[in-house]
Each structure stands twice: as C-alpha cells, then as structure tokens.
Amino acid sequence: FLSTFQMGRVWTARAAAGVPGSPSPVAAQGIRRPEALAAAPMQVDSGKDAPRVAVVGTGIAALLCTRTLACMARSSKSSLRGARVTLCTSRGKLATQMGPRNQTAPAPGKPFFDYGCQYFTASDPWFAEEVQRWSDAGACQPLPAGAVGTLSAAQGFNALKEGSCWVGNGGMGPMLSQLVVQTAKEFEDTVEHVSGFPDESMKVVGLRRDAAKGCWELMTKGGQKLGPFDFVVGGFAQHVLTDPFLLTGAEASEKMLRCLRRVESNQIIPIQVAFEGDPLPMPFTAAHVYGEEALSFVSDNSKKPQQNGKLGTPGPQHVTLLSTAGFAERQFNTNPKGYRRVAEEQMFAALCRVLGIQGLARHQPKVNRINHWEDGLAVNSPPESQGCLFDKDVGLGWCGDFCVAPGLQGAALSGRAMAETLEAWFASQAGGGSFDDKGLLPCDEPWSPIATGPSAQGISIVDIGGFLQVPPSSTHTDLVPSAIGGYNKDSAHFGAAGAPKGKGKSDSKGSGRGKGKRSKGYGKA
C-alpha cells in the first residue's frame, strides 16, 4: 500500500492516543446501513485485490466517510475487508482563527474566533453516539444549559429549552484537527493521512484516471503523485474548489462536475470583533437573531471552552457576528467594493438594538476581520437523494451536507452513506449481484430546495445551518450567480458588478478590512 507514493513530506498523524469503539449500528432514516461492526478484528488482512480508496476533504463528511470505511476494512462481514484508505486534508470551512489572516492557527489558552460553524446539535441517534465519542476523547463538550437561545429587540433573549448545544474545545477547528489525528492513530493499519495544511505542497489539487488500468491518481500542489486508487471520494462542495479540481479529471469526472455545479449555496458576511472596553451585556454564549435584516447570529467565543476543556477565556470579549443570507447576498452582489463598510455599520447597529444599548463606543470594538462566504450553506439537494453522489462507471464519489441537510449532522450522515454506497457497489461486483444506483448521479435533473422544517427529528433550517429547537428562517435570494453553466470566478468573487479594474482591490473605506483597526463605535457611549 502506498508503494508508489513520493511520501517524503507527508504528514501522517501518529501522536494521539487511539479512541476505542466504532460507529453505532443505529440506522439513519432513508440511508443504507451495514451490520454492526463492533466485533471487527483489530488487524487488517489486506490482500492484493483489496480496494484502495482516497478521500479528499477536510470536513466532517470526509472524516466520517474515512472512519466508516476503516471500520469496514476490519470487518470480516464487509465486502471492503482489507481496504486501504488515504485521507487527504487541507484547510477546511470548520475553522477557528486568532488573527486577521486565515492561516493564523489558534493557540491553547489564547482568545479565538470560531469562523464558520458556531455550534451544533445532534438529533440522529447514530450521530449523537458519535458526538459522545468525540466528547469522551476531549474534543468537544455541550455548553451549559441556557447558554444558547434566540434573541430579538422585541423579546430579548430566550434560552433553548431542549437538546444539547455542542462546541469544540478551543474552537471548532481544533476539534476537527484532533478528530483527524485520532482517526489516523486508531486506524493506523488502515488509514494514511496526507495533510496539505500548513504544508500546502501536499495539498491535493487534481486527479487523473487511467482508463486502461481502471484506477485513479491524485496530484499535489507540490507536484507529487499519490496512488493508484480504485475509488476517489470528494468531501467538499465550494465551487471555487470543486470546479478546478474536477476539471483536471477531464472526461472521467465530467458527470460528477455537472452534478456539483448544481449545488446552490447561500452567502454570509461574518465579522470577528473584540470588545476591549466595557463588556457587552450578553448573559449568554450564542443566540440566533430574529427580526433584524442584517444580523442572524451572535456568539461570544470568550465563553466557549478552551482546548483543555475549561470554560471561558479571560480578557476582552471575542465575538463572531453572522449576517443574514439576504443581507449578504444583496450587499455583495450589488456593492462588492463597499460591502464591508455597510456590513460593519448595519450589523453593529442591529447588535445594539437586540442588546438594548445605545451604541458601542464605550465597549471599544476592534474589528479583526470582515469577510464574505461565497458558498455558505447549501439550499438545495439532489432529487431522491441517497445521502451521497456516486459515478459507478469510474469509481468517483462525493459526500457533503448538501446531500442530507446543512450542518455537521447532515455532513456526518452523508459521509457514512458514501462509505456504505462503496461497500454495496464493491459487493455487487465481487458477487455478481445488482446495485441500485437510483439518485446517485443526478447531473442533468433539477435539484430540490431543502425544506426549512422542522423535520421529523426536530431540525429546523436557518441561514447558518440546521439546529434543534429554533424557528426556521431562510433569507436566501436569487442574486447568487448559478454555477450550472460553469463556475465564473469574476461574478462569484466580485458580485454582480464583476471583476474590478486594475488589481482587483476594493476601494472600501470601512474600518473592517481585517487589519485589527478600531471601529467607529456607531452611537453614543
């Protein structure tokens, strides 16, 4: 295995202690589930015909696909017994930051900003059991009761009454990093980890299929080739990444590219801001905001646990503000040069209203970063979704929350479904049986809007994902450029105005350009 790799600079996770146990056999509604794997042997007997699988992605979908495949590889009951899995990661959307640059990794005991996912809930029994495994390993914990709720100017803060609200210890980014390391260690006889962050020379940027041999190879940014692989699985959905990656695969990846171009996502403007004066009157950790055009969510990261599991970080409040999708899409696609200034003004004004304060001057806001999510959360899903995508003719699969429901739970269920689909396909080929590929490659069919809910499991969809016990609210507009005809970098990066002249720099004069500048305060002290 991996004998053809040029692995001189591969970072393989070997340091963390292994975590016992395997995914629960509890079935998710509508998604295939194999028999329990708890009794699987601890060593892999890999024959020359055992499949080789590459999973490319840095999020929960890729991770749970990898873990499920690794469990199958150890099971005498699975058609994938003896399989070898290579997990290729980079820097993902489940990110945590300290400084204005997105390459600044969080440090233990220091303030941080959760940049993407702010918290998550678990209503599916299998996922709830998986999250408990993460917690037992010290990667995450539930926030105290009453720490998360809804917030509006009219009704103030109302805590959610039921369900645990989970966060990563030290942020969502460190949580994911720890889980990847633990998976590579726990399944070191099965899983190889190739990390493209912070060493971007090992970042996987392309793929190629040898039709004569029926196998794939992957290419890294540094020019190395990884492989061969019988199957390749993708676990990311941003058009800025999927389009260039799949275009390198030429005809072999053309159908999957057409599928992924049908993914439609909302857009969000996040603001990271530290309040260096008087603390804001926020007796909660996080809140879904209602009744405001510009603001959908506020989170006080300084009340979240540190990497050692202890709640709270001393010092200034480090707050993440997330806009509504409607506001972000209108601003960015009609005002790409000035959206940061407008976002800072209007999102800060909305924060003042919902907190019942006259202004922010005495709280001394210092903006760390204002950005724009080109691909936020998916708003549509494949018709008759089986939880993943799969082109059986070439051995190319894809998983992500867009196949189930936006959020960590949807991503986890999709990753598991992807592994189960590969298992079913390999079994059909080995035993000459049939394989049901209905709904696995809808590249020419209209996709369906994701229902806002609440679902049968109590999940409602809001602009930043799916959660338990919150009123549904989706403000997505028709202003986001479609990628069905091909990804257009200019319209995606610069909104409806297209690429600016010259070097593409914004002429925004706002104070939120990611350089840690002191904000104006917007209002009286």
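Predicted model: local features only at pLDDT ≥ 70, side-chain atom pairs only at ≥ 80, totals over all residues.
Leaving aside its neighbours within four places in sequence, which residues is Ala411 in contact with? Contact here means heavy atoms within 4.5 Å, and the answer is Ile60, Ala61, Gly400, Asp401 and Ala405.

Residues are numbered from 1 along each chain as its sequence is written, and side-chain values use heavy atoms, with hydrogens and water left out.

Ala411 lies in helix H8, residues 408-431, where helices (H or I, at least four residues) and strands (E, at least two) are DSSP runs numbered from the N terminus. With a relative accessible area of 10%, Ala411 is buried; buried means under 20% relative accessible area, exposed over 50%, and partly exposed in between, with a 1.4 Å probe and protein chains only. Between Ala411 and Gly387 there are 9.2 Å in space, C-alpha to C-alpha, for a separation of 24 residues in sequence.

The axes of H1 (residues 60-73) and H2 (residues 125-136) come within 14 Å and cross at roughly 90°, the axes being lines fitted to C-alpha atoms, for helices over the stretch in contact, with angles running from 0 to 180 degrees between N-to-C directions. On the H1 side the contact is made by Ile60, Leu64 and Arg67, and on the H2 side by Trp126, Glu130, Arg133 and Trp134.

Turning to the strands, E11 (residues 215-220) is largely enclosed by the rest of the structure, because 5 of its 6 residues are buried. E11 runs antiparallel to E10 (residues 204-210), joined by 6 bridges, and antiparallel to E12 (residues 225-229), joined by 3 bridges; two strands pair if DSSP finds at least two bridges between them. Trp216 in E11 stands opposite Arg209, and in E12 its bridge partner is Phe229. In the hairpin of E10 and E11, with 4 residues between the strands, Gly214 in the turn has a positive phi of about 70°, while in the hairpin of E11 and E12, also with 4 residues between, Gly223 has a positive phi of about 95°.

Finally, Glu374 sits in the loop between strand E18 (365-370) and strand E19 (380-381), and counts as buried at 15% relative accessibility. Beyond its neighbours within four places in sequence, its contacts include Val240, Asn266 and His493.
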